[in-house]
Number of protein chains: 2
Amino acid sequence: MLVYYLRSMARIKIEKNTSRKEVIVSKAASLFREKGFKAASMRDLAEAVGVEAASLYNHIKSKTELLHELCFGVANRFMHHMDQVEAKKTNSIDKVEELVRFHINEMINHYEEVYVSDREWKHLSDPYLSNFQNQRRMYRKRFAAIIETGIRNKEIKAIDAPTAVLIILHAIGGIESWHRSTKKIDADALTSNMITILVGGLKND
Amino acid sequence: MLVYYLRSMARIKIEKNTSRKEVIVSKAASLFREKGFKAASMRDLAEAVGVEAASLYNHIKSKTELLHELCFGVANRFMHHMDQVEAKKTNSIDKVEELVRFHINEMINHYEEVYVSDREWKHLSDPYLSNFQNQRRMYRKRFAAIIETGIRNKEIKAIDAPTAVLIILHAIGGIESWHRSTKKIDADALTSNMITILVGGLKND
DNA sequence: AATCATTGCTAACACATGTTAGTATATTAT
DNA sequence: ATAATATACTAACATGTGTTAGCAATGATT
């Protein structure tokens, strides 16, 4: 059967040095953040990319793969940064401050991915799910260990280190709200406010 | 057509002074927290309640109604408590501490509902959605106003009050992790740790 | 110009979803 | 006991879902 097309086919627009898959993953991040992984459909994603749903599968394996890419992309960046911080020869408070700064930066510069990785990892399927949870647990353990060292050195108040880690991580995750807000506080002011409250609350003075 | 049933019909078990609808709403809270609102199906819920999916509709209007009940139930409790705190004649730090204590208590005693209200309100539909968002905004404004009063009185460090509110609220939201953890820290210790870090970080000393 | 890989399209599938209709069974009130 | 109400069941519906098959257009390579 012969079919005549009057308008030309759509095409995923790419910039220099970015694959079409990267474009899809990036749009998926926005969409998953906005509606949640389950509520965001492949047809929604296709529309955002400017193409039909089926066409996406020339570039990706499945919807879940998109979530993998996002979650592990973020997790790997955090793990790599933790390696660097641990290797440094500074005191514990400075290490904590550097971790906090990195988190805030990631939240500001890679907002959508970080947010999705934080909130939607539940929907990973099982070889990946356990893997992700392990990485998460490890990261928190290492973070807590730094705080515990600080407590032994009397740099930091004698609080429960794992509790402190959770407080810090979740507090930073709350930056979401500014991205929706119109009167955005500038990044530097935001960072220094958070450092004051979070690190200030730990310090033994 | 005549049908003979060999086993008796299931029935939603209720305790004294609880309607069957309340049982459903409560099970829905667990389920929505565990899988997310979109991923949790009415058939899942039916199974958790011990009944067929269609039977649920003798007690509830729709799946979304369940989310309404949960979200506004929680929101109303917080609003009511805010009324009480504002009416008190204590200083700002004490008011903040009381708000924090209430949040922690709610998180511990009504964990599932609070969690769902916090994470799944996005899936409300529009007359309710705007309403909920407004309530949320109002609550945060009133919280921030208390902190600002404290700053003017030199009780509290000169930080950005809305930032402080977000940090506090999200930090408390992070208690989730303990409910999954086996070695649960006891509630009092948890609370005092959080007060130390959060309120301690605000205090001007 | 011919060939081949890439990328898009339409159509369709199998399945899960929320919900309703109609009916049977339990419980409560008369 | 009878009637009335509350609650459950089976069956089915319409719709939305992720995904695949098969083919058409485009771009790159020879």
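Student: Before we start, what counts as a salt bridge here?
Tutor: A side-chain nitrogen of Lys or Arg within 4 Å of a carboxyl oxygen of Asp or Glu.

Student: Which residues are linked in a network of them?
Tutor: A:Lys21, A:Glu65 and A:Glu69 are linked in a network of salt bridges.

Student: What kind of model is this, and how is it numbered?
Tutor: It is a predicted model, where local features need pLDDT of at least 70, side-chain atom pairs count only at pLDDT 80 or more, and totals for chains, interfaces and linings use all residues. Residues are numbered from 1 along each chain as its sequence is written, chains are lettered from A and ligands numbered from 1 in the order in which they are written, and side-chain values use heavy atoms, with hydrogens and water left out.

Student: How many salt bridges over all chains?
Tutor: The rule gives 22.

Student: What is the N to O distance for A:Glu98 and A:Lys88?
Tutor: Their side chains meet at 3.0 Å, N to O. The pair links distant parts of the chain, ten residues apart. A:Glu98 is in helix α4 (residues 92–109) of chain A, and A:Lys88 is in the loop between α3 and α4. Helices here are DSSP runs (H or I, at least four residues), and strands are E runs of at least two, numbered from the N terminus.

Student: What is the geometry of A:Phe72 and A:Tyr128?
Tutor: Edge-to-face, with 6.2 Å centre to centre and 65 degrees between the planes. A:Phe72 lies in helix α3 (residues 63–87) and A:Tyr128 in helix α6 (residues 126–152) of chain A, so the pair ties together parts that are 56 residues apart in sequence. A:Phe72 is buried at 15%, whereas A:Tyr128 is partly exposed at 38%.

Student: Which aromatic cluster are they in?
Tutor: One formed by A:Phe72, A:Trp121, A:Tyr128 and A:Phe132.

Student: Which charged ends sit over the ring of a Phe?
Tutor: A:Lys63 sits over A:Phe37, 4.5 Å from the ring centre. B:Lys63 sits over B:Phe37 at 4.4 Å. The rule wants NZ of Lys or CZ of Arg within 6 Å of the ring centre and within 35 degrees of the ring normal.

Student: Now the interface. How many residues are in contact?
Tutor: 36 residues of chain A are in contact with 36 residues of chain B, meaning heavy atoms within 4.5 Å.

Student: What area is buried between the chains?
Tutor: About 2800 Å², with carbon and sulfur atoms giving 66%. That is accessible area (1.4 Å probe) lost on putting the two parts together, summed over both. A:Ile167, A:His170 and A:Ile197 supply 22% of the area that chain A buries against chain B, more than any other three residues.

Student: How many salt bridges cross it?
Tutor: The rule finds zero.

Conventions
Phe/Tyr/Trp six-rings, centres within 6.5 Å; stacked < 30°, edge-to-face > 60°. Buried < 20%, exposed > 50% of the residue type's maximum accessible area, 1.4 Å probe, protein only.
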